[in-house]
Amino acid sequence: MEGKVAIVAGGSRDIGRAVSLALAEAGASVAVNYFHDAAAGKETVESIRRAGGAAAAVAGDMTRRGDVEKLVAETRRAFGDSIDVLVNVVGGMVARKALPEMDEEFLEHVLRLNVTSTFLTVQCVLPHMAEGGSIVNLSSQAGRDGGGPGAAAYATSKGAVMSLTRAMAKELGPAGIRVNCVCPGMIDTTFHDTFTKDAVRANVAAATPLRREGGPEEVADLVTYLASPRASFITGASFDINGGTFFS
């Protein structure tokens, strides 16, 4: 991916950080977006630069159009007019809430975090993405199977990301732009540190055919492949990466 320019929305920690590092290792110049954690954004960029790569950290809330436009503008200012790769890692569960506990504001917040952010980044990047461009969205195993207890809003939003990916692939295919999706299962990240009890994680790992959790770097390898020209005839697909926990 030498000479390519990539944006990783939510690229400063966990899976996003691993994706940023992997794209840089493959030769791309990477704009690493972060929201709250400036230190994580800085550390990710410094890691890329220490390895000889090119990167820039850009703050911004990807649920706000103005911040997304700023991310695109700063990426072009740093690395040139064209953007070749967009990876949408931004998202989250916010909280586990059963249906009787949810209100409209909570549901709309989760949808905005996971779905609207993807829509906005794609819409703002498209004018600067030429034929051969690649978009990779992050969904979740929850979008396949409905998620665990209290994950209805999250699972719904991640299912929507898969549907949005398919629609974008159809619409953008004639322009030579590919759009794919990755659906991680139990990956060793701060997401599960926050939302999944240790006992549940241990049980899931024990029931997984590979008998372990996945690592962010393993997800990043899949994302990097889909973003690269080696996946030139793959679009509209949603790839499971869960160690065999769930087959779609």
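Contact here means heavy atoms within 4.5 Å. By that rule serine 238 touches Arg144, Met162, Arg166, Cys181 and Cys183, leaving aside residues up to four places away in sequence. The model is predicted: local features need pLDDT of at least 70, side-chain atom pairs count only at pLDDT 80 or more, and totals for chains, interfaces and linings use all residues. Residues are numbered from 1 along each chain as its sequence is written, and side-chain values use heavy atoms, with hydrogens and water left out.

Serine 238 lies in strand β7 (residues 238-241). Strands (E, at least two residues) and helices (H or I, at least four) are DSSP runs, numbered from the N terminus. Serine 238 is buried, with a relative accessible area of 16%. Buried means under 20% relative accessible area, exposed over 50%, and partly exposed in between (1.4 Å probe, protein chains only).

Turn now to strand β5 (residues 134-138). Five of its five residues are buried. Both faces are covered: Ser134, Val136 and Leu138 lie on one side, Ile135 and Asn137 on the other. β5 also has strand partners, where pairing requires at least two DSSP bridges between two strands. Strand β4 (residues 85-88) pairs with β5 in the parallel sense over four bridges. There, valine 87 stands opposite valine 136. Strand β6 (residues 178-184) runs parallel to β5 and is joined to it by five bridges. Leucine 138 has valine 182 of β6 as its bridge partner.

β4, helix α4 (residues 104-125) and β5 make a right-handed β-α-β unit. Right-handed means that, with the strands pointing away from the viewer, the path from the first strand over the helix to the second runs clockwise.

An α-helix has 3.6 residues a turn, so residues three or four places apart point the same way.

The ends of α2 complete the picture. At its start, a side-chain oxygen of aspartate 37 reaches to within 3.3 Å of the backbone nitrogen of alanine 39. Just after α2, glycine 52 takes a positive phi of about 95°.

How values were computed
A polar contact is a pair of N or O atoms within 3.5 Å; within protein, one must be able to donate a hydrogen and the other to accept it, and residues adjacent in sequence count only if both atoms are side-chain atoms.
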